[in-house]
Amino acid sequence: MASLPGPERATSLSGRNTGDRVYRGALTLLALTLPAALIAILGGLLWNAWPSVRTFGLEFLFRSTWDPVAEVYGAAPMILGTVISSLLALLIAVPLALGVAIFLTEFSPGWLRKPVASLVELLAAIPSVVYGLWGVFVLIPLLRSHVVPPLRAALGWLPFFEGVFYGNSMLAAGIILSIMILPYISSVSREVLLAVPPAQREAALALGATRWEAVWSAVLPYGHLGIIGAVVLGLGRALGETMAVTMLIGNRHEISASLLQPGYTMAAAIANEFAEATTQLHLAALFEIGLVLFGVTVTVNAAARLLVWRVARGSAVGSRAL
Amino acid sequence: MTSAATAPSSASGSGAASDAVSIREFDFWYGSNQALHRVSLDVPARAVTGLIGPSGCGKSTLLRSINRMNQLIADTRHRGEILLFGRSIFEPGTDLVDLRRRVGMVFQRPNPFPKSIFDNVAYGPRLNHLGRRDELTHRVEEALKRAALWEEVKDRLDEPGTALSGGQQQRLCIARALANEPRVLLLDEPCSALDPIATQRVEELLVELKEQYTIIIVTHNLQQASRIADFTAFLYLGELVEHGRTEQLFTRPRDERTEAYLTGRFG
């Protein structure tokens, strides 16, 4: 403790110091519970998954058999299903979300800006299970009658569109996921575009750029890291999404190149099987899937944070340089 | 309608004595707030014209009207005429892209793109498809030389433009404008964010550039206007109070408001 102000000052504050110390201790304890919970979850997953990790080793990640009777477990189809459904969602959502963000920040008339932004963000407020329900009773019939037939007529020769379409499929899950992650990507991108200094737009326009050229060649490049961050954030959401995907993806433990065929994701497998897992090894296998999913989503989210953070810092540095 | 009256001044075309920009009875409004009142000003080619006046007098508004940057702001309107080498910039069918290529602009704060030095200068030529691809390198070099920046950056053209010092960034922005081969260069307080040495370099540069370009510069700094401007226009409350040769305006102002401003009694 610094003794600069003199001894009598230190004693006169000592009574208040105790209260201060208690207060600080309590707050520190509260603040530490959250990281502690994270570590507890990770520890619990590891502990419970350990029998599976020890029995199957790395092969767990690459094998595609899932046989509770023979007690052989491999998660490859679920891992692949999670990745494919999420990437499909990004493929659909990113252009749409960027379009919304660019329209709202650069081209929209003032009166339209607020309502459209709020409505898009409202998509994030719809419960997952409602998306699932809508998917089963509206999206899948629509796909079956209006989307898949022309798609197969045009692109049926590609392996991605082979086989009979029954409804529940990777395609249906990807589309529903894309709608669910769209608000996240578009609202973060919008923030990023709004943070691009007007001087950048003016510089481009004054050099003879059209509005669109200014967006494309000056505004987007300026904010590209933040937009990548927004996309990765959306990816993180898609990877872990459970309910709607479980209702739509078909839950078949198989690897198929065709998007029209059913698949499985890690999240869906856990949700479907935890109640029926009677043997210790089955449960441990589910926990190991949980561990993989945890690892993937934490990594993806950390990457997104890092990118968005670098943009925020980068623009601060840019403005200081001026 | 006013173009008939201006025909004589534009007839000689490239003649050194002709006016590059003629502003006729120009009014400008932001919403219901009138920022410019019947401003008429002839800007001679290949000379530096300074626009001075207290904050909010309409200098920047006038400057930004010449390349029609003001129309990006919602709810603005204008009345009157601005002629660029004898042709109205408000003529229906005027190509804004072409107008802004011919009338370059440099802003108050340096605003290089977060791209390499090369790509910053090449931005305009690429956008406007000027010249052949293989000439681009030459064009960039030429623009950087004219902006007196070449010697400082020739070995690091692939480094980001944002890594340069403030004064270098501003000269980079001037090079970026010059690469478009403009005929008129508008500068909006280009030195207000620069230190005295960087300011001096930019001023020297502008004096060199007036051999080839028509330069209009808004400045808060009266010394700067007296150092580099051949002609000076004084604006006050949206009106053009006085306009003439710099030395005449500074030494023998005709209007008492000009005199008051020059002697520091307001602004």
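Guide: Among contacts in chain A between residues at least 6 apart in sequence, 76% join residues at least 24 apart; two residues are in contact if their C-beta atoms, placed from the backbone, lie within 7 Å. The model is a predicted one, in which local features need pLDDT of at least 70 and side-chain atom pairs count only at pLDDT 80 or more, while totals for chains, interfaces and linings use all residues. Residues are numbered from 1 along each chain as its sequence is written, and chains are lettered from A and ligands numbered from 1 in the order in which they are written.

Chain A has 13 helices and two strands, taken as DSSP runs (H or I of at least four residues for helices, E of at least two for strands) numbered from the N terminus. Its 322 residues give a radius of gyration of 25 Å, whereas a compact globule of that length would have one near 20 Å; the radius is taken over C-alpha atoms, and the globule rule is 2.2 Å times the number of residues to the power 0.38. Along the principal axes, the C-alpha atoms of chain A fill a box of roughly 85 × 65 × 30 Å. Of the 322 residues, 39% count as buried, that is, with 20 or more other C-beta atoms within 10 Å of their own.

Within chain A, helix α7 (residues 170-195) packs against helix α10 (residues 224-240) at an angle of about 155°, with the axes 8 Å apart. The two helices of chain A are therefore roughly antiparallel, a term for angles over 145 degrees. On the α7(A) side the contact includes L177(A), I181(A), Y184(A) and I185(A). On the α10(A) side, its residues include I227(A), A230(A), L233(A) and R237(A). By class, the residues of this helix contact are 11 nonpolar, four polar and one charged; Ala, Val, Leu, Ile, Met, Phe, Trp, Tyr, Cys and Pro count as nonpolar, Asp, Glu, Lys and Arg as charged, and the others as polar.

Chain A also meets chain B, with 17 residues of chain A in contact with 23 residues of chain B. On the chain A side, α8 (198-206), α9 (211-222) and α13 (280-321) each give two or more residues. The most come from α8(A), which gives six. This side of chain A has 11 nonpolar, four polar and two charged residues.

Methods: Axes are lines fitted to C-alpha atoms, for helices over the stretch in contact, and angles run from 0 to 180 degrees between N-to-C directions. Angles under 35 degrees count as roughly parallel, over 145 as roughly antiparallel, 65 to 115 as roughly perpendicular and the rest as oblique. A residue is buried if 20 or more other C-beta atoms lie within 10 Å of its own, exposed if 12 or fewer, and partly exposed in between; C-beta atoms are placed from the backbone.
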